[in-house]
Amino acid sequence: MLRRFITDTGYELEPISVAVMREIDRLAVEETGPNLFQMMENAGRNLAELTLKILSGEWPQSRILVLAGTGGNGGGGLCAGRHLANRGIPVSYCLTDAHALSGVTAWQLKLLVAAGGQEVAPGDPEAGKADIILDAVIGYSLKGAPSGRAKELIEWANALPARKISLDIPSGVDADNGGSPGAYVRADYTLTLAWPKTGLTPEKTGNLWLGDLGIPPSVYGRAGLANYTSPFNHRYLIPLTETPQV
Ligand SMILES: NC(=O)C1=CN([C@@H]2O[C@H](COP(=O)(O)OP(=O)(O)OC[C@H]3O[C@@H](n4cnc5c(N)ncnc54)[C@H](OP(=O)(O)O)[C@@H]3O)[C@@H](O)[C@H]2O)[C@@H](O)CC1
Ligand SMILES: [K+]
């Protein structure tokens with residue numbers, strides 16, 4: 001069944017597989033740029049902007065909890081947390097493994113700490129009062145049913161009343177087929193990056209948004225996404241809905 005997404009300006013997007021998304025990321029990181037630091041910063045900045053949009057006038061009184069894995073997804077969540085902490089919003093964070101962060105993700109953590117981010121343990125009652133949870137535990141590199149600390153954070157998030165915003169894909173959901181081998185985050189919103197993936201199903205993503213990573217159009221074509229033109233126009237964040245099935 002051919003699934004398509006449409007923007008609020010009528011631009012239709014056919015979702016891509018994780019393999020094509022990885023190739024887009026690889027070509028950008030290894031050849032054209034943006035490099036991984038820049039891509040993660042763009043991802044996190046878009047996530048911070050979407051969070052502020054969702055909180056609207058409540059943002060100055062809001063509390064944020066960032067749940068971060070050790071990979072690229074985690075880095076984007078920590079980056080968003082820093083942008084929010086920079087504005088004086090109390091931001092707490094919980095990591096799946098503080099000792100196994102990738103270099104770029106560790107750099108984003110350093111920035112969040114410099115901006116006043118507070119580390120909390122899973123289940124921390126104060127952190128549990130957050131108004132928004134940024135779900136950056138696992139992105140498109142999910143390998144089987146979430147286990148260990150990742151599973152613990154997913155289940156903690158699902159038990160909390162806060163609205164959940166998932167980065168790229170709700171943690172625990174397979175970005176190719178939309179399945180969930182085990183626990184997964186019940187997202188209220190998902191900010192997917194660069195281009196929608198085939199595993200994004202509305203019942204799991206909640207309100208879906210697309211964020212611009214600043215990747216040159218030629219890269220999409222080289223990775224197999226023919227006739228790419230930017231869907232963003234004058235914006236960096238655009239809402240996506242699934243086109244009705246004909
Ligand atoms: N790469 C790029 O160019 C760009 C990437 N970007 C972003 O990064 C994402 C891809 O990043 P990625 O490939 O680093 O992996 P990612 O999705 O963060 O997952 C790894 C983490 O998940 C964990 N984990 C996995 N399965 C698990 C399980 N079953 N049970 C438990 N844990 C499990 C795994 O733990 P580990 O296996 O290491 O113990 C590790 O912590 C992508 O979705 C996008 O958001 C963008 O910013 C643009 C540029
Ligand atoms: K995620």
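Reader: Let's start with the potassium ion (ligand 2). What is the geometry of its site?
Author: The site is irregular, with angles of 69 to 177 degrees among its six donor atoms. Donors here are N, O and S atoms within 2.8 Å of the metal (3.2 Å for Na, K and Ca), and water is not among the atoms, so sites may look incomplete. As for the labels, four donors count as tetrahedral if all angles lie between 85 and 135 degrees; four count as square planar and six as octahedral if opposite donors are over 155 degrees apart and all others between 65 and 115; anything else is irregular.

Reader: Before we go on, what kind of model is this?
Author: This is a predicted model, in which local features need pLDDT of at least 70 and side-chain atom pairs count only at pLDDT 80 or more, while totals for chains, interfaces and linings use all residues. Residues are numbered from 1 along each chain as its sequence is written, chains are lettered from A and ligands numbered from 1 in the order in which they are written, and side-chain values use heavy atoms, with hydrogens and water left out.

Reader: OK. Which residues coordinate the potassium ion (ligand 2)?
Author: Asn 73 (OD1), Asp 135 (O), Ile 138 (O), Leu 167 (O), Ile 169 (O) and Ser 171 (OG) do, at 2.7 to 3.1 Å. Helices (H or I, at least four residues) and strands (E, at least two) are DSSP runs, numbered from the N terminus.

Reader: Are Asn 73 and Leu 167 buried or exposed?
Author: Both are buried. Buried means under 20% relative accessible area, exposed over 50%, and partly exposed in between (1.4 Å probe, protein chains only).

Reader: Now the sheet. What is the order of its strands?
Author: It is an open sheet of 10 strands with mixed pairing, in the order β2-β1-β10-β9-β8-β7-β6-β3-β4-β5. Two strands pair if DSSP finds at least two bridges between them.

Reader: Which strands stand at the edges?
Author: Those are β2 (12-13) and β5 (118-119); each has a single partner strand, so one side of each is left without a neighbour in the sheet.

Reader: How many bridges join β3 to β4?
Author: Five, between residues 64-68 of β3 and residues 91-95 of β4, and the two strands run parallel. Leu 65 stands opposite Ser 92 in β4, and Leu 67 stands opposite Cys 94.

Reader: Which way do the residues of β4 point?
Author: Val 91, Tyr 93 and Leu 95 point one way, Ser 92 and Cys 94 the other way, and all are buried.

Reader: And what does helix α5 touch?
Author: Helix α5 (residues 148-159) packs on the sheet, touching β3, β4, β6 and β7, and its direction makes about 140 degrees with that of β4. Axes are lines fitted to C-alpha atoms, for helices over the stretch in contact, and angles run from 0 to 180 degrees between N-to-C directions. Contact means heavy atoms within 4.5 Å.

Reader: What about Ile 133, where is that?
Author: Ile 133 is in strand β6, and counts as buried because its relative accessibility is 0%. Leaving out residues up to four places away in sequence, its contacts include Leu 65, Leu 67 and Ala 157.
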